[in-house]
Structure formats: structure tokens, C-alpha cells
Amino acid sequence: MSKIHQIKFVKSNKVITTEEGKSIVISSDNQGLKLPRNCMQGMCTTCIAKIIEGRIRYIEEPDPDTLTKEDIDNNMALLCIATPLSDLVIEESED
Ligand code: FES
């Protein structure tokens, strides 16, 4: 059975639950939180957000050029292709 993790979004002050292995953007959609997105393939960075607490992994690896070293150093992640490995606190980007 997949693990369920809780994700808190600080700007919208919403908490959702996500099954490990599922996209954070898609899980949010299913629970009434519409996060910014466009390509849904890890290419456009519209869905970028800061992971304040917790760990994620990518369902499929993002294009190595999609995130800059600065983004990675700042704990920025692409939520469309990310799935939680633990409970998370995320600072979502403005729409
Ligand atoms: S929606 Fe394009 S990178 Fe996530």
C-alpha cells in the first residue's frame, strides 16, 4: 500500500494529503487547491515552488536544464512531477 503524506501550503493556508507516487499538482486539484501549472511535464517551471520542510522525489526525472543550480540550492521543486517522500510544507509561487 502506498504511503499517504500531508502537505501544507503556507500561502493559501491549505492542507492536502497525497499518496506517494502521485503528482502534487494533481492531488491538489482533486482536493480543491488549484496550483499554477502549464506543461505538466517538468519543462516550463510554471509550477515551481519552495519546499520548506520535508522531502520529495520526481516521478520522472526533470530535464536537467529545467531547474537551475540556484533553484535546487534554494529547495525549489517542480510540483507537477514531484511526489512526497514525507510530510511537506510548501511555499507556493504566486499564480
Ligand atoms: S507545469 Fe510545467 S514544469 Fe510543472
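Figure 1. Of the 95 residues in the protein, 27% are buried. The model shown here, and in every view that follows, is predicted. The C-alpha trace spans about 30 × 30 × 25 Å along its principal axes. A compact globule with 95 residues would have a radius of gyration near 12 Å, and the protein agrees with this because its own value is 12 Å. Among contacts between residues at least 6 apart in sequence, 64% join residues that are at least 24 apart.

**Figure 2. The open sheet of five strands.** The strands of this sheet are arranged in the order β2-β1-β7-β3-β5, and their pairing is mixed. At the edges stand β2 (14-19) and β5, each of which pairs on one side only. On average, neighbouring strands of the sheet are turned by 40° against each other, with direction ignored. In general, the strands of a sheet pair through backbone hydrogen bonds, in either a parallel or an antiparallel manner.

Figure 3. Strand β1 (residues 4-9) runs antiparallel to β2, and six bridges join the two. Within this pairing, isoleucine 7 stands opposite isoleucine 16 of β2, and phenylalanine 9 has lysine 14, also in β2, as its bridge partner. Four residues lie between the two strands of the hairpin, and asparagine 13 in the turn has a positive phi of about 55°. Serine 12 belongs to the loop between β1 and β2. Is serine 12 buried, exposed or partly exposed? Serine 12 counts as partly exposed because it has 13 C-beta neighbours inside 10 Å, whereas a buried residue needs 20 or more and an exposed one has 12 or fewer. When its neighbours within four places in sequence are left aside, serine 12 is in contact with Leu33 and Glu92.

**Figure 4. The largest nonpolar core.** This core holds 17 residues, and those that touch the most other members are Cys47, Leu78, Leu79 and Ala82. Two or more residues are given to the core by each of β1, α1 (24-30), β5 and β7 (88-92). In soluble globular proteins, nonpolar side chains tend to be buried together. Leucine 78 can be followed in this view through its contacts: leaving out residues up to four places away in sequence, leucine 78 touches Gly42, Thr45, Cys47, Ile48, Pro62, Thr66 and Leu67.

Figure 5. Isoleucine 81 lies in the loop between β5 (76-78) and β6 (82-84). How many other C-beta atoms lie within 10 Å of isoleucine 81? There are 23, and isoleucine 81 is therefore buried, since the cut-off is 20 or more. Residues touched by isoleucine 81, apart from those up to four places away in sequence, are Ser23, Gln41, Gly42, Tyr58, Ile59, Glu60 and Pro62. Isoleucine 81 and proline 62 are 19 residues apart along the chain, and their C-alpha atoms are separated by 7.6 Å.

**Figure 6. Two loop residues with positive phi.** Threonine 45 is placed in the loop between α1 and β3 (48-53). Although threonine 45 is not a glycine, its phi is positive, at about 70°. It is partly exposed, with 18 other C-beta atoms within 10 Å. Asparagine 75 is located in the loop between α2 (69-73) and β5. Its phi is near 65°, again a positive value in a residue other than glycine. With 15 C-beta neighbours inside 10 Å, asparagine 75 also counts as partly exposed.

Figure 7. The loop between α1 and β3 contains glutamine 41, which is partly exposed, with 13 other C-beta atoms within 10 Å. From C-alpha to C-alpha, glutamine 41 and lysine 8 are 23 Å apart in space, and they are 33 residues apart in sequence. Serine 12 and glutamine 41 are 29 residues apart along the chain, and 24 Å separates their C-alpha atoms.

Technical notes: Residues are numbered from 1 along each chain as its sequence is written. This is a predicted model: local features need pLDDT of at least 70, side-chain atom pairs count only at pLDDT 80 or more; totals for chains, interfaces and linings use all residues. Two residues are in contact if their C-beta atoms, placed from the backbone, lie within 7 Å. Two strands pair if DSSP finds at least two bridges between them. Axes are lines fitted to C-alpha atoms, for helices over the stretch in contact, and angles run from 0 to 180 degrees between N-to-C directions. A nonpolar core is a set of buried Ala, Val, Leu, Ile, Met, Phe, Trp, Tyr and Cys residues joined through C-beta atoms within 7 Å. The radius of gyration is taken over C-alpha atoms; the globule rule is 2.2 Å times the number of residues to the power 0.38.
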